[in-house]
Amino acid sequence: MDWIKKIFKGSGQKNSEGYYHGDYAEDPQFYAPSGTGNMWQEHENEEIDRAIALSLLEESQKERNIINDESQLEEDEQLARAIQESLRFEPPPQYDNANTFLPIPIHFPMGDRICAGCNTEIGHGRFLNCLNAFWHPECFHCHACNFPISDYEFSVSGNYRFHKSCYKERYHPKCDVCSHFIPTNPAGLIEYRAHPFWIQKYCPSHEHDGTPRCCSCERMEPQDTGYVALDDGRKLCLECLDSAVMDTKECQPLYLDIQEFYEGLNMKVEQQVPLLLVERQALNEARVGEKNGHYHMPETRGLCLSEEQTVSTILRRPSFGTGNRAMDMITEPYKLTRRCEVTAILILYGLPRLLTGSILAHEMMHAWMRLQGFQTLSQDVEEGICQVLAHMWIATQLDSSSSSDVAPTSSSGSSRIRKGKRPEFERKLGEFFKHQIESDTSPVYGDGFRAGNQAVYKYGLRRTLEHIRMTGRFPY
């Protein structure tokens, strides 16, 4: 058969072991003639004659080794199939990103291959061998945008395929502060910070770039949302602002609410103790002049005073002008006189009602114990039992908001009632303040609360307080 090879040697068609390199178009060189005229014909005839003679000579020498034509044909077909199978591609390589692959286009006809996308036979033409399956190029499409994937790389999630950009848009976390994709760290891993309660995700850089936090809920300020700036430098988010208590007069109904709560526990505060809402600076100045008491760092938000001094209280709440800044707030000096062991309770202004109430419930416990003649206690015992009362008050408020009907707020017999459900965010805010007390890691406030709460749970509030009065310690 070698003479046939000689005749077609130099043909313009380009095939390599069955691998088709074209894109559905004919090779323009295939039909191009390689010569013209009689000279070419005579020369070609001579070549053909010479090839025939050589072929006949070879055939006569190999006559004993000739195989049956049908056997030879079968052997050629088997060889062709073996060559074709050897050209099968391995599954696409996977790179550093565990979801990124390279689709491999195949141009040669395979026949009897079923497309994994449309479940029809793949005929002659281009197709892809990806994810251990064969595909028409138009059937290998993105699960998100439904457009074919023709990029050099693609991503997978489960059994779904994505453009890398679509995968990033769907699965790569975005920062809740700047709304950008959270960047990867030097190791190539996505690293972000998250608030333990609100699960607010943000770039690590925002912890150091001056991004403000709400002084109440501790959430970071999103760049597309303006927090309210209070006069003393604190920032308040708009959700916390909705229920914020801004001046002394506005706080009086809440003060009465806390007093009713204590009366329901048979712990009525007999003396009328002044309650004043103050700015941060006034609170810090009063703390310096107070000899007794313990303070929750890094910021004190309430004080129970026993010394005579003059403090600046907020007479009228501020209004909010351009840039959400507080303005036109009116303050006045208030002279504290010592008529009993407690001269006043000071609370930081501008905090939501539930947080203001929990701080007030805490400071009221300080006042009650001083008026009841409790001896000087260790910090963890005194602050711990005060935190227990703050925690109990928040719990009653959350319980009362679970029903739209009038309902008692405490199983302990408190007469406090409240109608209607709270807004969803205010209830969530109450859960956060309750969580803050429970998860406090400080030895005085955190460990003190847990020891006091365990004692109250085991022995009841009345027996716990009697034990503290006699021993100065929690019962165990």
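The crossing of helices α9 and α11 is right-handed. The model described here is predicted. Its protein chain holds 12 helices and 23 strands, and 40% of the 476 residues in the chain are buried.

**Helix α9 with helix α11**

- Helix α9 spans residues 379–400 and helix α11 spans residues 445–459; their axes come within 7 Å and cross at roughly 65°.
- Angles of 65 to 115 degrees count as roughly perpendicular, and α9 and α11 are therefore roughly perpendicular to each other.
- On the α9 side, the contact is made by D380, E383, G384, I385, Q387, V388 and H391.
- These residues meet Y445, G448, F449, G452, N453 and V456 in α11.
- By class, the residues in the contact of α9 with α11 are 5 nonpolar, 6 polar and 2 charged.

**Helix α9 with helix α10**

- Helix α10 covers residues 424–439, and its axis lies 10 Å from that of α9, with a packing angle of about 155°.
- Angles over 145 degrees count as roughly antiparallel, so α9 and α10 are roughly antiparallel to each other.
- The crossing of α9 past α10 is left-handed.
- From α9, the residues Q387, A390, H391, I394, A395 and L398 take part in this contact.
- Their partners in α10 are R427, G430, E431, F433, K434, I437 and E438.
- The contact of α9 with α10 divides into 6 nonpolar, 3 polar and 4 charged residues.
- Q387 and H391 of α9 take part in the contact with α11 and also in the contact with α10.

**The sheet β14-β20-β15**

- Three strands form an open sheet in the order β14-β20-β15, and the pairing is mixed.
- β14 (275–278) and β15 (302–305) are the edge strands, each pairing on one side only.
- From one strand to the next, the twist averages 20°.
- β15 pairs with strand β20, residues 344–348, in the antiparallel sense over 4 bridges.
- Within this part of the sheet, L303 stands opposite L346 in β20.
- In general, strands of a sheet pair through backbone hydrogen bonds, either parallel or antiparallel.

**The chain as a whole**

- Of the contacts between residues at least 6 apart in sequence, 55% join residues at least 24 apart.

Note on methods
Residues numbered from 1 in each chain as written. Predicted model: local features only at pLDDT ≥ 70, side-chain atom pairs only at ≥ 80, totals over all residues. Heavy atoms only, no water. Axes fitted to C-alpha atoms, helices over the stretch in contact; angles between N-to-C directions. Helix = DSSP H or I, 4+ residues; strand = E, 2+ residues; numbered from the N terminus. Parallel < 35°, antiparallel > 145°, perpendicular 65-115°, else oblique. Left-handed = near helix turned anticlockwise from the far one by under 90°. Contact = heavy atoms within 4.5 Å. Nonpolar A, V, L, I, M, F, W, Y, C, P; charged D, E, K, R; others polar. Pairing = 2+ DSSP bridges. Buried < 20%, exposed > 50% of the residue type's maximum accessible area, 1.4 Å probe, protein only.
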